[in-house]
Amino acid sequence: MARYILKRIGLAILTVFLICLLTFFLMNAIPGGPFNSEKALSKATIQALNERYNLDKPIIVQFGLYMKNLLKGDFGVSLKTGRDIKEIIGESFPISARLGLTAVIIALVAGTIFGSVAALMRNKLPDRIIIFISTLFTAVPSFVLATFLLLIFCIKLGWFPVWSATETNYVLPVISLAMYPMAYTTRLAKTSMLDALSQDYIRTARAKGVSRWIIIFKHALRNSLLPVITYAGPEIAYIITGSMVVETVFTVGGIGSKFVNAITNRDYTMIMATTIFLASLMVVANVICDLLYKAVDPRIKYE
Amino acid sequence: MSEYDVNKTPKKQVLSMQLDLSKFEKATEEEKKQQDVMSESTTFLKDGLRRLRKNRLAMASLIVLAIILVIIIVAPMVVPYSYDEILKVNGVRDKGAKNLAPFTYSVLEQEYIDAGNFRFPHIFGTDEQCRDYFIRVVYGTRVSLVVGFFASIIVLIIGLIYGSISGYAGGRTDLIMMRIVDMIYSLPDMLVIILLSVVLGSVLKFKGGSFLASIGANMISMFIVFGVLYWVGMARLIRAQILSIKENEYVLAAKSIGAKPGRIIRKHILPNCLSVIIISTALQIPSAIFTESYLSFVGLGVSAPMPSLGSLANAAREGLQSYPYKLVFPAVAICLVVLSLNLIGDGLRDAFDPKLSR
């Protein structure tokens, strides 16, 4: 077990390093330096600036310096706004984290409930309705759903305020983020519940005279949860990328919309820093999900 | 000597195999009929297609998709506008044709019609740059479908070659090739896609007039991105299939008569994992369309005058309050295309590989 955990963490660190490497060299492949602005600078100034920011050094050395600063928690400065990126992340990430975590929890819990209900009432009306809706929502991209919710509930009906610094309402962004993973979890939970219900141990329990509810909760549900937990990793990745567009649509000042802004403004240092930050987050989430999965199901062997 | 009668002839030996015919009776006509072949023998493909045809949901989706395909092929021939054409009446730029509602005409156009001329209606209205919106949505759907289809083909080809080599070779080759796959697999794909799109978008510049320039650097970079990242899932799947198939006797038989590895893979192994390949390719298309629309929405999709469903939906956010129909058309188009492709993929999976059905 301990060996497995160590190996998994080692792999995660390697992945994060790989991401940093990839990000750094890809960003450096873009033609044009940071000082190629509209105002022409004299050669001497550019040289002085390059020296000041170590841009005259070989690229490997630059990468080493960048990594050294990253380990110290220094992400550098935004090219366009000139602000410290660490500060920007510090104030925007909590908003996104709250949004994302709520969405993850709602998607997992509601998805499991709906999926189990559908499995228990197989081929009856509730099953049909749940499967119809979840099939429908696996075809709706989050930005489409977000824009429609914004249009209907904020603009036309006025039930929810449009997001601003003073008006923060998480309901609509959370719904638009959670809908797709919820629909997916529902379908997943239904099949794994059906699978669990057809197992021999359920028949044995029934034959022993165990009550229906104990069978469902203690025997079937616990076993059907395993595939749902495996999906948690990809789900978190989906929510992180989904939050970029959803935050942009609702003008939520989270890290996702900052990232999209950086892309549209071609703010390369900001893109680099947020990519590394979000990618590391995904890698960490994946490790936790993996370990959790192995801890929950003792049948899985540690490689 | 009288006629030979088996029942009267005594057994020569106790252990003789000689049959006692009295214990048998002739088959009746009915019983003989049961041996007749009732229908033609079926092949794997025919059997799957028969099951697919029974799946009403999948067939309905197929019809919806066919209708969409016909519309996006025929519409540009019928509608006299083009996707980047600013509307003109009698050669004069029609400045009033901005943000028209569906099936309405601008003042200039109305005068033109009143003068007894024919003006093709703006089925979905027009956009803020006086362009016909219907033809833009049609082209957007075209772009999305083309990206989805070709991206899946690229993924299929790379995954197929890589997976079959790795699976067939086995041993150390397999180990190293799969470690590379693991590494790419562990990268957060969407973030790397965004990153690559940002970089390739500014690195790739094509000379005007060439074929590549007409598709646009962003579109090319999107194909590269799909090709670089998404093949790993396919490669893993095909490798797993090949690992189990190559243990079969017919592969051993082929090997023993001296067939080369390339021939064995092509003739004996790949046809046997065809169903898995078809199904996962079919399910890859909608997910590629999703990714493309997402990238276009963020602003990394196809380049400017060429529309895509994602970029149309993104553009519709401006003036959402006044012109909500501009969001509705591309949004419904994405959902319809993805939904029908999803259902067809599910139908194919149920029809061709009952084991896989979830």
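**Figure 1. Contacts and overall form of chain A.** Among the contacts in chain A between residues at least 6 apart in sequence, 75% join residues at least 24 apart. The model shown here and in the other views is predicted. Chain A has 11 helices and 0 strands, and its elements, read from the N terminus, run α-α-α-α-α-α-α-α-α-α-α. Its radius of gyration is 24 Å, well over the 19 Å that the globule rule gives for 303 residues, so chain A is more spread out than a compact globule. Along the principal axes, the C-alpha atoms of chain A fill a box of roughly 85 × 55 × 30 Å. Of the 303 residues in chain A, 37% are buried.

**Figure 2. The side of chain B that touches chain A.** Contacts link 34 residues of chain B with 35 residues of chain A. On the chain B side, the elements that give two or more residues are helix H6 (171-186), helix H7 (189-203), helix H13 (274-298) and helix H15 (325-352) of chain B. H7(B) supplies the largest share, 10 residues. By residue type, this side of chain B divides into 26 nonpolar, 6 polar and 2 charged. For the complex, the predictor gives an ipTM of 0.79 and a pTM of 0.80.

**Figure 3. The largest nonpolar core.** This core holds 145 residues. The members that touch the most other members are A:Ala146, A:Val245, A:Ile263, A:Met282, B:Ile194, B:Val298 and B:Ala313. Helix H9 (residues 212-250) of chain A gives the most to the core, with 15 residues. In soluble globular proteins, nonpolar side chains tend to be buried together.

**Figure 4. Surroundings of B:Ala313.** Residues up to four places away in sequence are not counted in this view. From chain A, B:Ala313 touches A:Phe143, A:Val144 and A:Thr147. From chain B, B:Ala313 touches B:Phe297, B:Leu327, B:Pro330 and B:Ala331. B:Ala313 is also one of the residues that touch the most other members of the largest nonpolar core.

**Figure 5. Two loop residues of chain A with positive phi.** Most residues other than glycine have a negative phi. A:Asn123, a residue other than glycine, has a positive phi near 65°. A:Asn123 sits in the loop between helix H4 (85-120) and helix H5 (125-137) of chain A. Because A:Asn123 has 7 C-beta neighbours inside 10 Å, it counts as exposed. A:Thr251 is not a glycine, yet its phi is positive, at about 50°. The loop that holds A:Thr251 lies between H9 and helix H10 (255-265) of chain A. A:Thr251 is exposed, with 11 other C-beta atoms within 10 Å.

**Figure 6. The two assigned domains of chain B.** The domain assignment gives domain 1 (86-130) and domain 2 (136-173 + 231-356) of chain B. The C-alpha centres of these two domains of chain B lie 40 Å apart. In chain B, 7 residues of domain 1 are in contact with 7 residues of domain 2. The domain 1 side of this contact divides into 3 nonpolar, 2 polar and 2 charged residues.

**Figure 7. Confidence along chain B.** The average pLDDT of chain B is 80, and 90% of the residues score at least 70. Within chain B, confidence is lowest in helix H8 (residues 211-215), at a mean of 59. Confidence in chain B is highest in helix H11 (residues 249-256), at 90.

Terms used
Residues numbered from 1 in each chain as written. Chains lettered and ligands numbered in written order. Domains from an automatic or database assignment. Contact = placed C-beta atoms within 7 Å. Nonpolar A, V, L, I, M, F, W, Y, C, P; charged D, E, K, R; others polar. Helix = DSSP H or I, 4+ residues; strand = E, 2+ residues; numbered from the N terminus. Rg over C-alpha atoms; globule rule 2.2 N^0.38 Å. Buried ≥ 20, exposed ≤ 12 C-beta atoms within 10 Å, placed from the backbone. Core = buried A, V, L, I, M, F, W, Y, C linked by C-beta atoms within 7 Å. pLDDT = per-residue confidence, 0-100.
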